Amino acid sequence: MKWPLVFDPLFHVPFLNGLLLAATVPLLGAYVRLRDEWLASLGIAQATAAGGVVGMLLGLHPIGGALGAATLAAGVKGFYRRSGNDVFVLFLLFGWAAALLGAANSAQGEEVSHALLDGQLYFTGPFHLLAAALLAAVVALLLPRLSRRLLIERFFPDYFAAMGAKAWRLNLAFDLLVAFAVGVTAQSAGVMAAFALVFLPPWATFAGASGWRRALLRTEGLAVAAYVVAFAAAILLNQPFGPVLVASLLLFSLPRAFSSRAD
Amino acid sequence: MSEPYLVFREVVAGYSAPVVGPVSFAVGPGEVVALCGPNGSGKSTLLGALTGASRVFSGRIDRRDGVTVSLQRQLPARPEGIPLSGRELLRLTGADRENPPEPLAPLLPLRIDRLSGGQFQFLEVWACLGSGADLVILDEPTNNMAPGTIRTLESLLKARTPERAVLLISHERAFVEAVSDRVVELAP
């Protein structure tokens with residue numbers, strides 16, 4: 001075991017970057033689950049991955065491409081307000097095809113594509129950290145304001161219409177927030193790890209929580225614990241970070257989800 | 001008399017074709033007005049004209065500027081597996097959580113997806129009725145409720161507050177007559 005490696009200053013920025021994402025993204029995931037839109041996060045993750053590859057081909061930073069794709073995906077999702085998951089499946093398939101085709105036609109694109117698959121958190125730098133810190137700040141600022149309205153929209157679907165108000169601004173703001181979060185996370189931790197951070201912690205904790213606040217706290221705690229374990233394990237076992245994070249989230253989530261259901 | 005909160009003028013509403021109307025009525029501060037009729041008479045369709053869920057073919061709906069509205073659906077939304085407690089649900093609408101009607105107090109710490117249909121119905125009704133909204137719209141509020149709970153709801157509706165108006169939609173004639181100032185009859 002190479003324990004000193006875990007504490008190497010080389011990994012301080014990646015650790016902090018991942019920690020901010022692990023503390024932020026699952027909170028948004030709780031609201032994604034509230035809205036029953038969890039498939040959207042997978043579709044958007046794949047679309048932002050394609051954005052990263054295409055951005056690279058255009059000479060942009062992959063995060064720039066990913067955020068561009070995130071904005072586009074959130075806009076399309078908002079415009080295409082239809083029940084069901086078909087639009088998210090289209091994102092998923094389109095993003096997958098565009099990412100792989102982009103990668104096949106560029107050496108750099110292939111590198112980014114691999115990073116999106118493996119989730120190379122250890123190679124992230126100050127730019128990624130800045131993006132994660134900005135995301136965390138925006139979520140900390142906006143989510144408390146959006147929370148009540150998102151809950152009202154779910155539990156009192158006619159509330160805004162009865163008041164003569166439109167809910168599209170609320171929906172667009174939340175969709176953009178999720179798309180940016182997923183885009184930034186996919187660039188740092190990989191597509192599937194981004195999706196797992198959105199989906200697994202709330203899925204595991206909702207069943208056993210006695211209320212919304214408690215569910216959010218448990219969601220956050222589970223995600224951060226799973227992240228810290230995954231960060232150390234991937235270094236010590238010399239494994240790609242993305243799959244290790246997904247495995248760790250599964251390990252933390254499965255027992256909790258099933259023991260809660262047995263209550 | 002003060003200006004009504006809501007006025008329906010000769011409203012004909014429906015979906016692809018008209019279902020109900022023309023219907024005219026007004027609801028003002030301190031009043032309880034009921035839309036009453038058998039199932040299929042278009043009560044909920046008429047209500048949908050207010051929220052955009054159904055289409056207005058002719059007539060007009062006027063709402064006083066600045067009026068706050070709270071609406072309890074006939075089929076309230078209760079997404080499975082979402083951990084929201086009764087207390088948290090009431091907090092969303094601003095309904096009184098410290099002194100709720102008696103049957104609700106023990107339910108407030110519980111998750112709403114673990115309440116019975118009748119318990120949840122009464123919680124939803126109180127979330128709207130106790131919200132402080134100017135106009136409270138209750139669509140078939142007695143659905144799934146036990147007789148004792150219906151009596152509690154009756155006394156809540158009979159206790160008029162000067163600013164609050166209630167638009168009640170129900171097919172339970174005895175209940176409607178017990179709590180309403182005016183009844184608007186809808187024929188099938």
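**Reading the model**

Reply: A:Asn238 is exposed, as 8 other C-beta atoms lie within 10 Å; a residue counts as exposed at 12 or fewer such atoms, buried at 20 or more and partly exposed in between, with C-beta atoms placed from the backbone. A:Asn238 belongs to the loop between helix 11 and helix 12 (241-261) of chain A, where helices (H or I, at least four residues) and strands (E, at least two) are DSSP runs numbered from the N terminus. Its phi is near 55 degrees, a positive value in a residue other than glycine. This is a predicted model, in which local features need pLDDT of at least 70 and side-chain atom pairs count only at pLDDT 80 or more, while totals for chains, interfaces and linings use all residues. Residues are numbered from 1 along each chain as its sequence is written, and chains are lettered from A and ligands numbered from 1 in the order in which they are written.

Me: Is A:Asp36 buried or partly exposed, and what is its phi?

Reply: A:Asp36 is partly exposed, because it has 15 C-beta neighbours inside 10 Å. Its phi is positive, about 60 degrees, although A:Asp36 is not a glycine. The residue sits in the loop between helix 2 (12-34) and helix 3 (38-57) of chain A.

Me: What does A:Leu92 touch?

Reply: Two residues are in contact if their C-beta atoms, placed from the backbone, lie within 7 Å. Leaving aside residues up to four places away in sequence, A:Leu92 touches A:Leu42, A:Gly43 and A:Gln46. A:Leu92 is part of helix 5 (residues 86-104) of chain A and is buried, because 21 other C-beta atoms lie within 10 Å.

Me: How many residues of chain A are in contact with chain B?

Reply: 21 residues of chain A are in contact with 20 residues of chain B. Helix 7 of chain A gives the most to this side of chain A, with five residues. By class, that side has 14 nonpolar, three polar and four charged residues; Ala, Val, Leu, Ile, Met, Phe, Trp, Tyr, Cys and Pro count as nonpolar, Asp, Glu, Lys and Arg as charged, and the others, Gly among them, as polar.

Me: Which faces of strand 7 of chain B are covered?

Reply: In a regular strand the side chains alternate between the two faces of the sheet. Both faces of strand 7 of chain B are covered: B:Ala165, B:Leu167 and B:Ile169 are buried on one side, and B:Val166, B:Leu168 and B:Ser170 on the other.

Me: Which strands pair with strand 7 of chain B, and in what sense?

Reply: Strands of a sheet pair through backbone hydrogen bonds, either parallel or antiparallel. Two strands count as paired if DSSP finds at least two bridges between them. Strand 3 (residues 32-36) of chain B runs parallel to strand 7 of chain B, joined by five bridges, and B:Val33 has B:Leu167 as its bridge partner. Strand 6 (residues 135-139) of chain B also pairs with strand 7 of chain B in the parallel sense, over five bridges.

Me: What is the order of the three strands in the open sheet of chain B?

Reply: The order is 2-1-4, and the pairing is antiparallel. Strand 2 (18-27) and strand 4 (55-63) of chain B stand at the edges, each with a single partner strand, so one side of each has no neighbour in the sheet. Seven bridges join strand 1 (residues 6-14) of chain B to strand 4 of chain B, and B:Gly14 stands opposite B:Arg55.
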